[in-house]
Amino acid sequence: MSEQRENGAFIQLRDIAKVYAMGKVDVAALSGVTLDVERGEYVAVMGPSGSGKTTLLNVLGGLDVPTSGKYLLESVDISKLPDKELARIRCHHFGFVFQSYNLFPEFNALENVMVPMMYAGVGATERRRRAAELLESLGMGPRMRHYPSQLSGGEQQRVAIARALANDPDVILADEPTGNLATQQGKEILGIFDDLNARGVTIVMVTHDEGVAAHAKRLVLLRDGRVESDERVP
Ligand SMILES: Nc1ncnc2c1ncn2[C@@H]1O[C@H](COP(=O)(O)OP(=O)(O)OP(=O)(O)O)[C@@H](O)[C@H]1O
Ligand SMILES: [Mg+2]
C-alpha cells in the first residue's frame, strides 16, 4: 500500500522543488520537477543558463536534497534520508563527471580512481587492481602515475570517468562533460559514454550542445526550474 513500495521506474522524481534562501530572497532552482528515469536510459538535459540543470543532477545524485517533493530510487523514498545514508546510496549507485574534471591535484591518476573505493570499503589491493584495470580500459594505462597537472583535458576527463566507474555505479551523472574539451577530445569522451550505455549504464548528461545531446536517446528540456519538454529520440 505504501507509496514507498510501489513498483515504478528506477528513478522517480515527484514534484521536486529546490529553493535556495539568499538572505531575504528565495531563489527557486527547481519548481515542481516530475521525471522518471529507467535503467539503461541515456538522457540529455538541456536548457538556458540558470534553468536548474546542475541542481537537477545534484538532486538526482544525492549531492543535494530537495526542499519538497519526493525522490524514489528503486521505489525507496530517499528524499528525507540522513546524510550518512544518502552518502552510502551516492557511493554505490552514482558516478559523477564534471566539466572541470575535479580530480584531486595531489593524487596521481591511479590514486584518484582509488578514492571512491576507499569510501566503499574496498581493500587496498583490490582498489589498486580495479583502478588500474579501469584506467587501462579507458586507454590511460601509460599515464597511471601522472598527476592531473601532467595530463591533457581529455586525459583528465578519462581519469574522472574511471573514478566515476570505480564502484560500478548504475548511473553516471555528467555535467557538461565535454564543455572544456577540444572537438576531437570531446568526441572520444562521448564515445566512452556511448560504450558505457551500450553496456547498460544509465547516463544523465547536461549539455549546451545539440550535437552532444544527439548521443542521448532522450532529451529533457528545462526552463525556469520546470520540465518544458521531454522527448524520446526515435
Ligand atoms: N548554491 C546555490 N545558492 C543559491 N542559488 C543557487 C545555488 N545553486 C544554484 N542557484 C540558483 O539556482 C538556479 C539554477 O541554477 P543551476 O546551477 O541549477 O543552473 P544551470 O541550468 O545548471 O545553469 P548553467 O547552464 O549556467 O550551468 C540559478 O538561478 C542559480 O543562481
Ligand atoms: Mg550548471
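Analyst: First, a residue-class rule: Ala, Val, Leu, Ile, Met, Phe, Trp, Tyr, Cys and Pro count as nonpolar, Asp, Glu, Lys and Arg as charged, and the others, Gly among them, as polar. This is a predicted model, where local features need pLDDT of at least 70, side-chain atom pairs count only at pLDDT 80 or more, and totals for chains, interfaces and linings use all residues. Residues are numbered from 1 along each chain as its sequence is written, chains are lettered from A and ligands numbered from 1 in the order written, and side-chain values use heavy atoms, without hydrogens and water.

User: How do I read a pocket, and what volume does the largest pocket have?

Analyst: Work on a 1 Å grid over the protein atoms alone: a pocket is an open set of points with protein on both sides within 12 Å along at least five of seven lines, a cavity is a set where a 1.4 Å probe fits but cannot get out, and lining residues have an atom within 4 Å of a point. Points join across faces, edges and corners, and a volume is the space filled by probe spheres set on them. Here the largest pocket has a volume of about 510 Å³. It is lined by 18 residues, and Cys91, Phe94, Phe96, Pro116 and Tyr119 are the closest to its centre.

User: Which elements give two or more residues to that lining?

Analyst: Helices (H or I, at least four residues) and strands (E, at least two) are DSSP runs, numbered from the N terminus. For the largest pocket, the elements giving two or more residues are α2 (83–93), β6 (94–98), α3 (109–119) and α5 (153–165). The most come from α2, with five residues. By class, the lining has twelve nonpolar, three polar and three charged residues.

User: What lines the second largest pocket?

Analyst: Its volume is about 220 Å³. Among its lining residues are Arg130, Leu134, Ser137, Asp168, Ile192, Asp195 and Arg199. Two elements, α4 (124–137) and α6 (183–198), each supply at least two of the lining residues.

User: How many cavities of 30 Å³ or more does a search of the whole structure find?

Analyst: The search finds one. The largest cavity has a volume of about 40 Å³. Its lining includes Val59, Asp64, Tyr71, Ile78 and Leu86. Six of the lining residues are nonpolar, two are polar and one is charged.

User: Now the ligand. Which residues come nearest to ligand 1?

Analyst: A residue is near a molecule if one of its heavy atoms lies within 4 Å of it. Ligand 1 has 13 residues around it, with Ser49, Gly50, Lys53, Thr54 and Thr55 coming nearest. The shell draws at least two residues each from β1 (11–22), β2 (25–37) and α1 (53–60). The largest share is from α1, with three residues. The shell has five nonpolar, seven polar and one charged residues.

User: Which polar side-chain atom lies 2.6 Å from an oxygen atom of ligand 1?

Analyst: Look for a polar contact, a pair of N or O atoms within 3.5 Å. Thr55 has the side-chain atom at 2.6 Å from a ligand 1 oxygen. For Thr54, a polar side-chain atom lies 2.9 Å from an oxygen atom of ligand 1. Ser51 uses its backbone: an N or O atom there lies 3.2 Å from an oxygen atom of the ligand.

User: What order do the strands of the open sheet have?

Analyst: Strands of a sheet pair through backbone hydrogen bonds, either parallel or antiparallel. Two strands pair if DSSP finds at least two bridges between them. In this model, an open sheet of four strands runs in the order β2-β1-β4-β5, with antiparallel pairing. β2 and β5 stand at the edges with a single partner strand each, so one side of each lacks a neighbour in the sheet.

User: Which residue stands opposite Leu13 in β4?

Analyst: Tyr71 in β4 stands opposite Leu13. Antiparallel β1 and β4 (residues 68–73) are joined by five bridges. Next, β4 pairs with β5 (residues 76–77) over two antiparallel bridges. There, Leu72 faces Asp77 in β5. The hairpin of β4 and β5 has two residues between the strands, and Glu74 takes a positive phi near 50°.

Conventions: Polar contact = N/O pair within 3.5 Å; in protein donor to acceptor, adjacent residues only side chain to side chain.
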